[in-house]
Amino acid sequence: MAAEVARVSQRLELAKEGTQLDLSGCELTSIPQAIFLVLRQNIRNITTVDLSKNHLSKISTNIQRFTAITELNLSNNAISQWDFLEIVPTVTHLILDNCGITGIPSQLAHLQHLQHLSHDSLVHEPYLKFSMNQNDISRVDETVFDMLTTLESLSIVENPIQPESAYYLKEKPFQVSL
């Protein structure tokens, strides 16, 4: 526990001067309120938030305090509540790999600027545009993808997609990897 607290503290110090907040692998079960207090002077400059490899099941509405957030990595968490997507409309990069997702969250439709998502990293694979690999998605809500007009490609590899959903996705104007 002490090591995780020290890791969070060290990463907050780095974020005070930059545009990235990396809290990956910090054993978080929620986003501590103290983060917003420590970063209050620089919070409007944070564009990238990495919360991957934690134990998060929901994201606090406090995430909207990052008013410039464009990149959000939530991979390797068991996210079960998606309401926070409605209050982070500036997100253009969203990573949801290995989150135990069973369906495409309808709240994704609120991300009108969503363009790029990459597998496991925000910077290493810029050619994948939307990635929800290694989940349990079997069906897709067609209305979600009809509203994501800026989406260029979708990767939902290693999901048990039903044939009718696969057919629907292949008819969309974006590239699909199943």
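Where do E13 and K16 lie, and how many residues apart are they? Both sit in helix α1, three residues apart, about one turn of the helix. Helices (H or I, at least four residues) and strands (E, at least two) are DSSP runs, numbered from the N terminus.

This is a predicted model, in which local features need pLDDT of at least 70 and side-chain atom pairs count only at pLDDT 80 or more, while totals for chains, interfaces and linings use all residues. Residues are numbered from 1 along each chain as its sequence is written, and side-chain values use heavy atoms, with hydrogens and water left out.

## Salt bridges

Side chains of opposite charge can pair when their charged atoms come close. Here a salt bridge is a side-chain nitrogen of Lys or Arg within 4 Å of a carboxyl oxygen of Asp or Glu. The whole structure holds three of them.

| Pair | N to O distance |
|---|---|
| R11 and D22 | 3.6 Å |
| E13 and K16 | 3.0 Å |
| R139 and E164 | 3.5 Å |

The R11 and D22 salt bridge has its closest N and O atoms 3.6 Å apart. This pair links distant parts of the chain: R11 is in helix α1 (residues 2-17) and D22 in strand β1 (residues 20-22), eleven residues apart. R139 and E164 also meet in a salt bridge. That pair links distant parts of the chain, with R139 in the loop between β4 and α3 (142-147), E164 in helix α4 (residues 163-170), and 25 residues separating them.

How accessible are these residues? The scale is relative accessible area: buried means under 20%, exposed over 50%, and partly exposed in between (1.4 Å probe, protein chains only). D22 is partly exposed at 33%. E13 is partly exposed at 44%. K16 is partly exposed at 33%. R139 is partly exposed at 48%. E164 is partly exposed at 42%.

## The sheet

Four strands form an open sheet in the order β1-β2-β3-β4, with parallel pairing. Two strands pair if DSSP finds at least two bridges between them. β1 and β4 are the edge strands, each pairing on one side only. On average, neighbouring strands of this sheet are turned by 0° against each other, direction ignored. Axes are lines fitted to C-alpha atoms, for helices over the stretch in contact, and angles run from 0 to 180 degrees between N-to-C directions.

β3 and β4 run parallel and are joined by three bridges. N73 stands opposite I95 in β4.

## Nonpolar core and its contacts

In soluble globular proteins, nonpolar side chains tend to be buried together. A nonpolar core is a set of buried Ala, Val, Leu, Ile, Met, Phe, Trp, Tyr and Cys residues joined through side-chain atoms within 4.5 Å. The largest one has 50 residues. The residues with the most contacts inside it are L21, L51, I63, F66, F84, L94 and F145. Helices α1, α2, α3 and α4 are the elements that give two or more residues to this core.

L51 shows the packing around one of these residues. Contact means heavy atoms within 4.5 Å. Leaving out residues up to four places away in sequence, L51 touches L23, I31, L56, I59, I63, L72, N73, L74 and N77.

L85 is in the loop between β3 (71-73) and β4 (93-95). L85 has a relative accessible area of 1%, so the residue is buried. Its contacts, apart from neighbours within four places in sequence, are L94, Q107, L108, H110 and L111. L85 and H110 are 25 residues apart in sequence, yet their C-alpha atoms are 6.7 Å apart in space.

## Aromatic pairs

A pair of aromatic rings is described by the distance of the centres and the angle of the planes. Rings of Phe, Tyr and Trp (its six-membered ring) pair if their centres lie within 6.5 Å; planes under 30 degrees apart count as stacked, over 60 as edge-to-face and the rest as tilted. The whole structure has two aromatic pairs. One of them is F36 with F66: the centres are 5.4 Å apart and the planes stand at 50°, so the pair is tilted. F36 lies in helix α2 (residues 33-38) and F66 in the loop between β2 (48-50) and β3, so the pair ties together parts that are 30 residues apart in sequence. Both F36 and F66 are buried.

## Positive phi

K53 is not a glycine, but its phi is positive, near 60°. K53 is in the loop between β2 and β3. Its relative accessibility is 53%, so K53 counts as exposed. E158 is not a glycine either, and has a positive phi of about 60°. E158 lies in the loop between β5 (153-155) and α4. At 56% relative accessibility, E158 is exposed.
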